[in-house]
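The sequence and the coordinates are shown first.

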Amino acid sequence: MQKLRPRRMRINENVRAMVRETTLSPKDFVYPIFVVPGEHVKEEIPSMPDVFHLSVDNAVEIAKQIAELGIPSVEVFGLPEYKDEIGSSAWDMNSPVQRAISAIKKAVPELVIVGDVCLCQYTSHGHCGKLCGHYVENDSTLELLSKVAVSQAEAGADIVAPSDMMDGRVAAIREALDNKGFINVSIMSYAVKYASGFYAPFRDAADSAPQFGDRKQYQMDPANFREALKEVELDISEGADIIMVKPAMAYLDVVRSVRNKINHPVAVYNVSGEYAMVKAAARNGWIDEKRIVLENLTCMKRAGAAIIITYHAIDAANWLH
């Protein structure tokens, strides 16, 4: 009687490599950077070990290292020099984000630069749009987001990534970019962005915690699945080029379903809380950091992500090399 032995295909590393279904590469990664005012600044973010606030000059140096590692892209976030009710520093060409995009593009022209399009770190109240009382106005916010996207394109961004979760923002941004001649600037939409507890370290890094309430009025309920597919359909119909699911690890079921439903590239954001948990456990000696990180990233790709935005990118690229 014939015996079925799947273990034959696991007998040693060479055999396992030959039949491996999912492979990970530095080219799968986007590395997020946080730029701040000033010069010669490199300050570790307390809740995100090995991630730094960087002045523009040091952001350029990190970008050079990223390119040398074979990582194709960075996403630029920033802390402004000033905040106001509408977040006007978000489209100020003298703000750290715009200056960093321009400087990185000049120093490392082959690097794909993603600009984060949102207002929360630029507004005095910490919400992602224009307020009416304690309510974030959707339609009046779209004009502001479009200004941010155009300013980043003017600075040299290859991709803009709206993360605000306002209805209709992809269409508004696409129209604004096209009207300014930026027809080849892509939109990577945070189409499925959940109101998650995994963002806490990022809000520390970006100084973007809301001054009142929360963001559940506009970010998605973690309990909802079908709504995610609806959001994806809407953003594709409005002109999104890449669809993102955020966070990644707790939402891989959503990633797989999105991947099965659409033909657009799918991205995931391996967010700050997911990163910080791994770092904390590794520093306590509870886990093998390299093994866990590569396993997590492989699972994101196996679920269907073509693009993985991750703070682990530098470590992972070095390990893969």
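Asp-253 is partly exposed, its relative accessible area being 48%, a value that lies between the 20% limit for buried and the 50% limit for exposed. The model is a predicted one. Asp-253 belongs to helix H8, which covers residues 252-261. Between Asp-253 and Phe-225 there are 28 residues along the chain, and their C-alpha atoms are separated by 8.8 Å.

## Nonpolar cores

The largest nonpolar core comprises 84 residues, and Val-76, Leu-177, Val-192 and Val-258 are those with the most contacts inside it. Helix H4 (residues 138-155) supplies the largest share of this core, namely eight residues. A second, separate core holds 23 residues, among them Ile-45, Val-114, Met-188 and Ala-205. In soluble globular proteins, nonpolar side chains tend to be buried together.

For Val-192, the contacts beyond four places in sequence are Met-220, Ala-228, Val-232, Met-244, Val-245, Lys-246 and Val-254.

## Helix H4

Helix H4 consists of 18 residues and extends 26 Å from its first C-alpha to its last, close to the 26 Å expected at 1.5 Å a residue. Of these 18 residues, 13 are buried, so H4 is largely enclosed by the rest of the structure. The residue that follows H4 is Gly-156, with a positive phi near 125°.

Cys-120 is located in the loop between strand S5 (112-117) and strand S6 (130-132). Its relative accessible area is 7%; Cys-120 is therefore buried, the limit being under 20%.

When residues up to four places away in sequence are not counted, Cys-120 touches Gly-126, His-127, Cys-128, Ser-208 and Arg-215. Cys-120 and Gly-87 are 33 residues apart in sequence, with a C-alpha to C-alpha separation of 7.6 Å.

## Packing of H10 against H11

Two packed helices are described by the angle between their axes and the distance between the axes. For helix H10 (residues 289-303) and helix H11 (residues 313-320), the angle is about 100° and the axes are 10 Å apart. The two helices, H10 and H11, are therefore roughly perpendicular to each other, since angles of 65 to 115 degrees count as such.

On the H10 side, the contact is formed by Glu-289, Lys-290, Val-293, Leu-294 and Leu-297, which meet Asp-315, Ala-316, Trp-319 and Leu-320 in H11. The residues of this contact comprise six nonpolar and three charged, with no polar ones.

Conventions:
Residues numbered from 1 in each chain as written. Predicted model: local features only at pLDDT ≥ 70, side-chain atom pairs only at ≥ 80, totals over all residues. Heavy atoms only, no water. Axes fitted to C-alpha atoms, helices over the stretch in contact; angles between N-to-C directions. Helix = DSSP H or I, 4+ residues; strand = E, 2+ residues; numbered from the N terminus. Parallel < 35°, antiparallel > 145°, perpendicular 65-115°, else oblique. Contact = heavy atoms within 4.5 Å. Nonpolar A, V, L, I, M, F, W, Y, C, P; charged D, E, K, R; others polar. Core = buried A, V, L, I, M, F, W, Y, C linked by side-chain atoms within 4.5 Å. Buried < 20%, exposed > 50% of the residue type's maximum accessible area, 1.4 Å probe, protein only. Expected span 1.5 Å × (residues − 1).
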